[in-house]
Amino acid sequence: MLDHIRIVLVNTTHPGNIGAVARAMKNMGLADLCLVEPKHFPDEAATARASGATDILDAARVVGTLEEAVGDCQLVVGTSARGRHIPWPVIDPRELAAIAAPLSGQSRVAILFGREDRGLTNEELHACHLHVHIPSVEGFSSLNIAAAVQVVCYELRMAVLQDVRAERPQWGTDWDIELADHVELERLFEHLERTLVDIEFLDPNNPRQLMPRLRRLLLRAVPDKVEVNVLRGILKMVDRAVAGELRGQRVGRSKAD
Ligand code: SAH
């Protein structure tokens, strides 16, 4: 039932935590574990803490970048112990479960968990549609990573057992066109950034929060594949217009010279 949900651990330091995560997942019926640049893996400590969940560890995919981990996912969620500089849509694990558990067969979901010492970076969090915060007490808000995975996976399992449906029946759209995946969205953001620099709207030496704000806007809209293609097409025409104008300026200058 939860086959479409992937747990992604980014740069985990302690292999014991990876084992404890595998156990937490298996207890709740999840199996897809992806590790982005773990410090030590495979490792005896991971196997020991996994107890009987070594099958999850054996099947875990180890990758070098976040993009490899979540590229094929239509919904990417980042977990965080604290609020960040730019506010993002934040939900709790129960709300996440109501959205993500029923998506089986429609969208692949990635849930990211950060480093034990620093959590996820702002860049990683800005790649996410939603942030999930476990409402712990202020001033002591950070759970052990495997405990955080346990809480999230428990809510996912409860949503399956109780057949919980989100008020919105699907993530994003409920029409025929598939949602854009992470890779397609990242290509759009890269293209948008290049074009904004070319038209001198974005100053690369002083970018401020323009790209995070545009990411947040577009991720809130949950665009489908066709919508992303239309935006890329518009950007391509802007690129052409800018290139034509620059050529025109050069021609004009050389004529005037
Ligand atoms: N000091 C780090 C916390 C790292 S805890 C920070 O301030 O971000 C390691 C990971 O466990 C986090 O990156 C997050 O994925 C998860 N986690 C811990 N506490 C959490 C909470 N209250 N809500 C959601 N995720 C949490």
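**β1 and β2.** I looked up the pairing of strand β1 (residues 5–10) first. Five bridges join β1 to β2, and the two strands run parallel. Strands here are DSSP runs of E with at least two residues; helices are runs of H or I with at least four, and both are numbered from the N terminus. I count two strands as paired if DSSP finds at least two bridges between them.

**Ground rules.** The model is predicted: local features need pLDDT of at least 70, side-chain atom pairs count only at pLDDT 80 or more, and totals for chains, interfaces and linings use all residues. Residues are numbered from 1 along each chain as its sequence is written, and side-chain values use heavy atoms, with hydrogens and water left out.

**Cover on β2.** I checked strand β2 (residues 32–36) for burial. Four of its five residues are buried (under 20% relative accessible area; exposed is over 50%, partly exposed in between; 1.4 Å probe, protein chains only).

**β2 to β3.** Next I followed β2 to strand β3 (residues 61–63). Three bridges join them, again in parallel. V36 stands opposite V63 in β3.

**Whole sheet.** I wrote down the strand order: β3-β2-β1-β6-β4-β7-β5. These seven strands form an open sheet, and the pairing is parallel.

**β4 and β7.** I also looked at strand β4 (residues 75–79) with strand β7 (residues 130–132). They pair in the parallel sense over three bridges. G78 stands opposite H131 in β7.

**Chain totals.** I noted ten helices and seven strands. The C-alpha trace spans about 80 × 40 × 35 Å along its principal axes. Of the 257 residues, 45% count as buried. I took contact as heavy atoms within 4.5 Å. Among contacts between residues at least 6 apart in sequence, 85% join residues at least 24 apart.
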